[in-house]
Amino acid sequence: MGMSSLTAVILAAGLGKRMKSALPKVMHPIAGRPLLHYAVRAAFDAGVERAVVVSNGRTEIRDSLSHAFGDRVVTVVQDPPRGTGDAARVGLEQVDSERVLILCGDTPLVRAEELSELVRALDAPGADELSVMTCKLAEPAGYGRILRDAFGLVSEIREERDLQSLEEHAISEVNAGMYAGKTEVLRRALAQISPNNAQGEYYLTDVIALVARTSRVTAVLGPGEALVGVNDRSQLAKAEAHLFERIRVRHARNGVTVRGAPFIDEEVEIGEDARIEDGVILRGQTRLGARTIVDVGCVVTNSLIGADALLKPYTVVTSSCVGDRAELGPFAHLRPESEVEADAHIGNFVETKKTRVRRGAKANHLAYLGDADIGERANVGAGTIFCNYDGFNKHKTVIGADAFIGSDSQLVAPVVVGRGAYVATGTTVTSDVPEDALAIGRIKQINKEGYAPKLKARFAALKAAVARGEKR
Ligand code: UD1
Ligand code: CA
């Protein structure tokens, strides 16, 4: 039987009390995606056709799933949450395939390979009713333990709080919370379970003993580190660290030089021969072109960076686009909707916002460029401010191609500087500058010959008088 007749049921309706959070546990982000998305992704990668997610009815869960996976995911509501067994029963109502894969929504490190093995175990002779994923942990506390009979066959799963002896506590083989089985067999078993346990809940794990009575339950031993469940934030942090390491290895194998331990979110794409240095954070849906270098400490969020670009240390780029061979930083700040085109340079302590910096344009030092369009090859000098906000509205500054804006100028928007124009240093530009014109607006300098020593003597006398307490 192929995977095509397989549906996944993913349990995500629990209260997640141990997270101590207003956000549902399964919506907590881990490497840039909600926790829940990982199990769903792994199920699809393993070949399931549809996934039924059992949730608590919060619309954010449904919306994020349909946004990420479309209509291959159906959500059903379990209200109130009466335990994993009750959740599985609710989920199975939506299943019409002969076989089903049941997963917990809080095991983000699980991969398609483990799930495929779990499903394949059903094809073993005499074992086509139920298989369960287990792993051996040095610290099994908190997990359900796998109990085996005299023949070594799985007979029961017992939850931590229902363990009856020190020997049971010491069992290191635990339930990873993933099951594959015949839909009908599971439905029948789930109809028989009761909440007679320490937590007063319907336990999905109770179906194991029921099925084991009449047929064999196959245990598939998987890698412990890939099957951890996230119940609190310390486990979330550990799982995320593991995921980040896995992502670094993936990029390194794809031809990216990854130095130190940058944090790269799950969905980030990086071209060949790119280099990512230590302390870098690449978040969300970020894409980097081939050979681009992201130096120490840069933070890039939801942005597109071209090929051969250079992000010097501590550059921050958010929801922006950067062209091929562009150079940014060190300490540049591209705020949302900045577009720095090919070969453009944005230097240290330059901030842009909603600004297009066209091909080859440069602003190399200390500037604020907000709500602007800067023409090709234009040069914006040090200390230039685009005064885009009058306290009520935002206004646009347009600089033509090849224009030159001298240092320490202010451009009071809305204003247009024509192509090829020249704005002299220290000018406050309040009206449009025609093409090829020179704009100069500053107070004329006067020099008083021989006056400096007199001025200095006066200041020195004043300082002495203050020291004597005669003046203040
Ligand atoms: C569960 C297993 C345990 C296993 C561990 C693996 C049971 C009874 N226990 O314990 O044997 O070792 O997972 O990580 O199954 N959920 C619902 N509705 C509910 C309750 C829970 O949908 O009413 C969902 C949760 O959102 C969660 C999943 O089921 O995604 C597991 O629930 P959780 O409370 O985390 O179970 P554990 O105590 O971790
Ligand atoms: Ca759990």
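Which residues is G400 in contact with, leaving aside its neighbours within four places in sequence? They are G375, A378, V417, G418 and R419, where contact means heavy atoms within 4.5 Å. This is a predicted model, in which local features need pLDDT of at least 70 and side-chain atom pairs count only at pLDDT 80 or more, while totals for chains, interfaces and linings use all residues. Residues are numbered from 1 along each chain as its sequence is written, chains are lettered from A and ligands numbered from 1 in the order in which they are written, and side-chain values use heavy atoms, with hydrogens and water left out.

**Domains**
- The protein chain is divided into domain 1 (6-227) and domain 2 (233-439), with bounds that come from an automatic or database domain assignment.
- The centres of the two domains, taken over C-alpha atoms, are separated by 45 Å.
- Between them, 16 residues of domain 1 are in contact with 12 residues of domain 2.

**Nonpolar cores**
- A nonpolar core is a set of buried Ala, Val, Leu, Ile, Met, Phe, Trp, Tyr and Cys residues joined through side-chain atoms within 4.5 Å; buried means under 20% relative accessible area, exposed over 50%, and partly exposed in between (1.4 Å probe, protein chains only).
- The largest nonpolar core has 59 residues, of which L282, I346 and I374 touch the most other members.
- Two or more residues of this core come from each of α1 (35-45), α8, β27 (345-357), β28 (362-374) and β34 (415-417); helices (H or I, at least four residues) and strands (E, at least two) are DSSP runs, numbered from the N terminus.
- Domain 1 (6-227) and domain 2 (233-439) each give at least three residues to this core.
- Apart from it lies another core of 40 residues, including V119, A121, C135 and A180.
- Leaving aside neighbours within four places in sequence, the contacts of I346 include E327, L328, G329, A332 and L334.

**Ligand 1**
- Around ligand 1 there are 23 residues, and A13, Q78, G83, E159 and N175 come nearest; a residue counts here if one of its heavy atoms lies within 4 Å.
- A backbone N or O atom of L11 is 2.8 Å from an oxygen atom of ligand 1.
- For G105, a polar backbone atom lies 3.3 Å from an oxygen atom of the ligand.
- D106 places an N or O atom of its side chain 3.0 Å from an oxygen atom of ligand 1.
- On its own, ligand 1 has 750 Å² of accessible area, of which the protein covers 91% (Shrake-Rupley method, 1.4 Å probe).

**Helix α3**
- Helix α3 (residues 84-92) is mostly covered, with seven of its nine residues buried.
- The buried residues are G85, D86, A87, A88, V90, G91 and L92.
- Among the elements that cover them are β1 (6-12), β4 (50-55), β5 (73-77), β6 (99-104) and α6 (183-192).

**Helix α8**
- R248 lies in α8 (residues 233-253) and counts as buried because its relative accessibility is 11%.
- Not counting residues up to four places away in sequence, R248 touches V258, G260, A261, P262 and F263.
- A252 is also placed in helix α8, but is partly exposed, with a relative accessible area of 40%.

**The loop at G400**
- G400 is found in the loop between β31 (397-399) and β32 (404-405).
- With a relative accessible area of 14%, G400 is buried.
- G400 and V433 are 33 residues apart in sequence and 9.9 Å apart in space, C-alpha to C-alpha.

Terms used:
Polar contact = N/O pair within 3.5 Å; in protein donor to acceptor, adjacent residues only side chain to side chain.
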